[in-house]
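Here is a short briefing on charged side-chain pairs. Have the sequence and coordinates open alongside.

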Amino acid sequence: AFSSALEATFQGKVSALQNEIDDAISKAEENAKTKTEEVKKMEAVVAALQQDFARESEQKEAALKGKGSLESTLQSQIEQLKKANTDIENARAKAQKEVEAKADE
């Protein structure tokens, strides 16, 4: 009787340990699943940030190209205005000389 009582106690402890092990495995699996979902969410956030960065980089590059083109256009217009100004000054000087020449006649 003592042996069967001992065996029953032993079986009870083994069964309790097995239940604890099963619970621990179940919790670990649930935790792993949760962590995997969190990692997937974080990967999605990182991917979105990388896309934003790439888009902003492209926009910045396009803006710099646009700025360079605008500066080039403005420089060209400035040169044209300088030339026009020089032409006007030359025309004025020529007209002044013609007026003076007519006055001397």
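Helices (H or I, at least four residues) and strands (E, at least two) are DSSP runs, numbered from the N terminus. The model is predicted: local features need pLDDT of at least 70, side-chain atom pairs count only at pLDDT 80 or more, and totals for chains, interfaces and linings use all residues. Residues are numbered from 1 along each chain as its sequence is written, and side-chain values use heavy atoms, with hydrogens and water left out.

**Salt bridges**

- A salt bridge here is a side-chain nitrogen of Lys or Arg within 4 Å of a carboxyl oxygen of Asp or Glu.
- Searching the whole structure gives six of them.
- Among them, Arg92 pairs with Glu89, with the closest N and O atoms 3.3 Å apart.
- Lys35 pairs with Glu38 at 3.7 Å between the closest N and O atoms.
- Glu61 pairs with Lys65, and their closest N and O atoms are 3.9 Å apart.

**Spacing along the helix**

- Helix H1 covers residues 2-104 and holds both Lys35 and Glu38, three residues apart, about one turn.
- Glu61 and Lys65 are separated by about one helical turn because they are four residues apart in helix H1.
- Arg92 and Glu89 are three residues apart in helix H1, so about one helical turn separates them.

**Accessibility**

- Buried means under 20% relative accessible area, exposed over 50%, and partly exposed in between (1.4 Å probe, protein chains only).
- Lys35 is partly exposed at 46%, and Glu38 is partly exposed at 38%.
- Glu61 is partly exposed at 48%, whereas Lys65 is exposed at 57%.
- Arg92 is exposed at 53%, whereas Glu89 is partly exposed at 41%.
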